[in-house]
Amino acid sequence: MRQSAWRPARDWRGHRAALRDGGVDMSYAELDARANALAAELVQRGVGPDVPVGLALDRSCNLVVGILGILKAGGAYVPLDPEYPRERLAYMLADSGVTVIVTSRVAAAALPPHAASLVLIEDVASASMPATARPSVHVLPSHAAYIIYTSGSTGRPKGVVVCHAEATRLFSATAHWFSPGPGDVWTLFHSYAFDFSVWEIWGALLHGGTLVIVPRAVARSPEEFHELLSRERVTVLSQTPSAFRALVEAVRRSPLPLALRFVVFGGEALDLSMLEPWIARHGDESPQLINMYGITETTVHVTYRRIRRADVEARRGSVIGVAIPDLELHLLDARLAPVPVGAIGEIYVGGAGVARGYLGRPGLTAARMVANPFGSGRLYRSGDLARRLPDGDLEFAGRADAQVKVRGFRIELVEIEAVIAEDATVAQ
C-alpha cells in the first residue's frame with residue numbers, strides 16, 4: 001500500500017491516546033507530528049523507499065515514533081535491540097548495510113563500532129518542536145517495511161525483508177475474527193526485534209486503539225504484568241506460551257479483574273494442559289484463547305485456532321487450526337507431494353503473506369521460497385512439521401531439523417556450534 005496504509009484509524013487526528021507508557025499518554029496527533037518530524041530529517045539524510053534504517057531504542061513511546069517515522073520516510077526499519085549481544089548487533093549492522101541509525105543518546109553508547117550516521121530521536125522528535133508536514137514520499141506495496149533478523153541454519157543470522165503489502169494484509173485478513181476497534185487496548189510486550197511486535201503495534205494503531213508500552217522489568221515479572229493488565233484494562237494480549245504459563249500462576253493468586261477479550265498465542269508450540277487452571281477460573285468465552293502458528297518469513301501469523309474447554313479437557317496436542325484466508329498451507333513430503341490425513345509432512349506456506357526474501361541472500365531465498373507446484377507464486381518451506389487431523393485442523397509436530405525456540409526466538413543449534421568451532425582448542 002501507499003504510505004497512507006500506515007496511518008492509524010480514520011479518527012486519528014483527535015486526542016485519543018495512541019500510546020501509553022508509565023501512565024503518560026501520547027495522542028495520535030502527537031505521534032503523527034513527532035513521526036513527521038523524524039521522517040523529514042530522514043529524507044534529508046537520503047532515506048527513501050527500500051532504504052534500510054537501523055533502529056536502536058529502548059522500549060518506550062519513542063520506539064513507536066521511530067518505527068512510524070522511518071515508514072513515513074519510505075524506509076525499512078531494521079531492529080537493533082540494545083539488549084542484543086554486541087557481536088550480533090555488529091553483524092546485523094554490517095549485513096544490512098544501514099547508513100543511518102535512529103537511536104537515543106543512551107542506546108547509541110551501547111552500539112558496536114559502525115560507520116552509520118546517527119539521528120537522535122530526542123533531538124528530532126520532541127514535543128516542543130513545531131508541527132511538520134508529512135514528507136511527500138511515493139511508497140508502493142512492494143517496498144520493504146521492515147527487515148527482521150532470524151537465526152540461520154548456516155550459522156549466520158539472516159534478514160527477512162517484509163513489504164508493506166504483506167504486513168498490512170495481515171490485519172484485513174484476520175479482522176473478521178477479532179473485530180479490532182478504537183475501544184481496544186493492546187500491549188507492546190515483546191521485543192521489536194521479534195515479529196510478534198508487528199501484530200501488537202499495528203493491531204492497535206491501524207484501528208484507533210491504545211498501545212500500552214510494557215517496560216522490560218514489568219514484562220519479566222508476572223505479578224507486575226498482571227497488575228498492568230488490570231490497571232490499563234487491556235483487551236487484546238499477545239503471549240508466547242512460556243510467558244503466559246508464568247502469568248497464569250500470577251493471575252491464580254490475585255483477585256484483580258481483567259478486561260481481556262482475546263489472548264493470542266504464538267512463537268512456540270502451545271501445550272494445552274498449561275491452560276487448565278486458566279480455563280477453570282475464566283472459562284473459554286471471555287477472553288477467547290486463540291492459537292496462531294506463525295513464521296517471520298510469512299509475516300507473523302499463518303494459522304488461527306480458537307481453543308475451547310473441550311480441547312483442554314481432551315488433552316489434545318498443539319492444534320494450530322487452519323490457514324488465514326489469504327494464505328495457502330500444504331503438508332508435503334520430500335518430493336513436494338501432499339501427505340495423507342494423519343501423516344506428518346513439512347509445512348509449506350503460500351499466498352499474500354510470503355515475504356520478499358532474505359536480504360542479500362538470493363541463493364538462500366531460492367532454496368527456501370520455492371515455486372508453487374499447485375498454483376502461482378511461491379511456497380515458503382518452513383522446516384516445521386504437522387499432521388492434518390480428520391476435522392481439517394493442523395496439529396504441530398515439531399521441527400524437521402535441530403532448530404529450537406526460546407520465548408518465541410528461533411535458535412539454530414548449528415549457529416552455536418559454529419561459534420564453538422572457532423575456538424582452536426575444540427576439535428569436535
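This is a walk through one protein chain, from its overall build to single residues. The model is predicted, so local features need pLDDT of at least 70 and side-chain atom pairs count only at pLDDT 80 or more, while totals for chains, interfaces and linings use all residues. Residues are numbered from 1 along each chain as its sequence is written, and side-chain values use heavy atoms, with hydrogens and water left out.

Let us start with the whole chain. Its secondary structure comes to 14 helices and 23 strands; helices (H or I, at least four residues) and strands (E, at least two) are DSSP runs, numbered from the N terminus. The C-alpha atoms fill a box of roughly 60 × 55 × 50 Å along the principal axes. For 428 residues, a compact globule would have a radius of gyration near 22 Å, and the 21 Å of this chain agrees with that. That radius is taken over C-alpha atoms, and the globule rule is 2.2 Å times the number of residues to the power 0.38. Of the 428 residues, 58% count as buried, where buried means under 20% relative accessible area, exposed over 50%, and partly exposed in between (1.4 Å probe, protein chains only). Among contacts (heavy atoms within 4.5 Å) between residues at least 6 apart in sequence, 69% join residues at least 24 apart.

Now step inside. A nonpolar core here is a set of buried Ala, Val, Leu, Ile, Met, Phe, Trp, Tyr and Cys residues joined through side-chain atoms within 4.5 Å. The largest such core has 81 residues, and Val-102 and Trp-202 touch the most other members. Helix 2 (residues 61-72) gives this core its largest share, eight residues. Another core, of 30 residues, lies apart from it, with Phe-189, Leu-237, Ala-243 and Val-263 among its members. Trp-202 also belongs to the buried residues of helix 7. In that helix (residues 196-205), 10 of the 10 residues are buried, so helix 7 is largely enclosed by the rest of the structure.

With 2% relative accessibility, His-226 counts as buried. Beyond its neighbours within four places in sequence, His-226 is in contact with Leu-247, Ala-250, Val-251, Ser-254, Leu-256 and Leu-258.

What about charged pairs? A search of the whole structure finds 28 salt bridges, each defined as a side-chain nitrogen of Lys or Arg within 4 Å of a carboxyl oxygen of Asp or Glu. One of them pairs Glu-223 with Arg-253, the closest N and O atoms being 2.5 Å apart. Glu-223 lies in helix 9 and Arg-253 in the loop between helix 10 (241-252) and strand 12 (262-265), so this pair ties together parts that are 30 residues apart in sequence. Glu-223 is partly exposed at 36%, and Arg-253 is partly exposed at 48%. Another bridge joins Arg-399 and Asp-384, with closest N and O atoms 2.8 Å apart. It links strand 21 (residues 394-399) to strand 20 (residues 378-388), and both Arg-399 and Asp-384 are buried. Salt bridges with shared partners also join Arg-305, Asp-311, Arg-316, Asp-391 and Asp-393 into one network.

Finally, look at the outside. His-15 lies in the segment before strand 1 (17-21) and is exposed, with a relative accessible area of 74%.
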